[in-house]
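Open the model in your viewer and colour it by secondary structure. This tour gives you one selection at a time.

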Amino acid sequence: MSEKERYQAWEAKIKAVELPLWDELPKFELYMDQVTALINGLLGPLEIDPITPAMINNYVKKRAIMAPVKKKYQTMQIADIILISLLKPTFSLETIRRGMDQVTAKIYPQQAYDSFIKRLTFSLKNINQRNTQALAETNLNDKLLQVAVNAIIDRLESQKLLEIITKPLPKVHDK
């Protein structure tokens, strides 16, 4: 398979990703192993590093997400972990939490989550046409959401392109 064909196959896989909206997230409490399995299953096609229990515990410790109740995680925490997992390769945990707090100060968390997921899904499906969308936004919260989505897409796309085009470097022999 040529480099171009490999990229086109990756692009087709990315375009097929369907991330859950708020109402599609579990409405019952999950234990840590269930949360990691769910999120890694959802985000696996994006080739994002898997989430681990240690990472989730760190998010709780740093107050990026609410602590579980009796070791069980609810919809809000699952949504936060999904967002953090998507944004963490691009932004610091502090920046992510601050951005999430800023956006949810003006709209309900469910609306903010759905808006972000819809934008990300749209951008994944239209990976070659998304660059001008952020420029057209007039609301700064909406612009922030779109720029964050673009950062995720740019990171995913650049990682895949680098992986596809990287050739082994010739070995330098010492004399």
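Which residues have the most contacts inside the largest nonpolar core? Select Leu 46, Leu 86, Phe 116 and Leu 120: these four have the most contacts inside that core, which holds 47 residues. Keep in mind that this is a predicted model.

**The core**

Helix 4 gives the most, with 8 residues. In general, nonpolar side chains tend to be buried together in soluble globular proteins.

Stay in the core and centre on Leu 46. Setting aside residues up to four places away in sequence, Leu 46 touches Ile 14, Val 17, Leu 86, Leu 124 and Leu 156. Leu 86 has already been selected, as one of the residues with the most contacts inside the core.

**The whole chain**

Zoom out. The chain has 8 helices and 2 strands. From the N terminus, trace the order of the elements: α-β-α-α-β-α-α-α-α-α. The C-alpha trace spans about 60 × 40 × 30 Å along its principal axes. Of the 175 residues, 40% count as buried. Look at the contacts with a separation of 6 or more: 72% of them join residues 24 or more positions apart.

**Helix 6**

Select helix 6, residues 109-125. How far apart are its end C-alpha atoms? They are 24 Å apart.

Next, show the side chains of the buried residues in helix 6. They are Ala 112, Tyr 113, Asp 114, Phe 116, Ile 117, Arg 119, Leu 120, Thr 121, Ser 123 and Leu 124. Phe 116 and Leu 120 are also among the core residues with the most contacts. Leu 124 is one of the residues that Leu 46 touches.

**Leu 21**

Move to Leu 21, in the loop between helix 1 (3-15) and strand 1 (30-31). Tyr 113, Asp 114 and Ile 117 are among the buried residues of helix 6.

Now draw a distance from Leu 21 to Ile 81. The two are 60 residues apart in sequence and 14 Å apart in space, C-alpha to C-alpha.

**The largest pocket**

The largest pocket has a volume of about 450 Å³. Its lining has 25 residues; select Leu 87, Ile 96, Gly 99, Met 100 and Val 103, which lie nearest its centre. Helix 4 (75-87), helix 5 (93-104), helix 6 (109-125) and helix 8 (140-165) each give two or more residues to this lining. Helix 5 gives the most, with 10 residues. By class, the lining has 17 nonpolar, 4 polar and 4 charged residues.

**The second largest pocket**

For the last stop, select Ile 48, Asp 49, Pro 50, Met 55 and Ser 85. These lie nearest the centre of the second largest pocket, which is lined by 13 residues. Helix 2 (32-43) and helix 3 (53-61) each give two or more residues to that lining. Helix 2 gives the most, with 3 residues. The space in this pocket is about 160 Å³. Its lining divides into 8 nonpolar, 3 polar and 2 charged residues.

Methods:
Residues are numbered from 1 along each chain as its sequence is written. This is a predicted model: local features need pLDDT of at least 70, side-chain atom pairs count only at pLDDT 80 or more; totals for chains, interfaces and linings use all residues. Side-chain values use heavy atoms; hydrogens and water are left out. On a 1 Å grid over the protein atoms alone, a cavity is a set of points where a 1.4 Å probe fits but cannot get out, and a pocket is an open set with protein on both sides within 12 Å along at least five of seven lines; lining residues have an atom within 4 Å of a point. Grid points are joined across faces, edges and corners, and a volume is the space filled by probe spheres set on the points. Helices (H or I, at least four residues) and strands (E, at least two) are DSSP runs, numbered from the N terminus. Ala, Val, Leu, Ile, Met, Phe, Trp, Tyr, Cys and Pro count as nonpolar, Asp, Glu, Lys and Arg as charged, and the others, Gly among them, as polar. The expected span of a helix is 1.5 Å times one less than its number of residues. Buried means under 20% relative accessible area, exposed over 50%, partly exposed in between (1.4 Å probe, protein chains only). A nonpolar core is a set of buried Ala, Val, Leu, Ile, Met, Phe, Trp, Tyr and Cys residues joined through side-chain atoms within 4.5 Å. Contact means heavy atoms within 4.5 Å.
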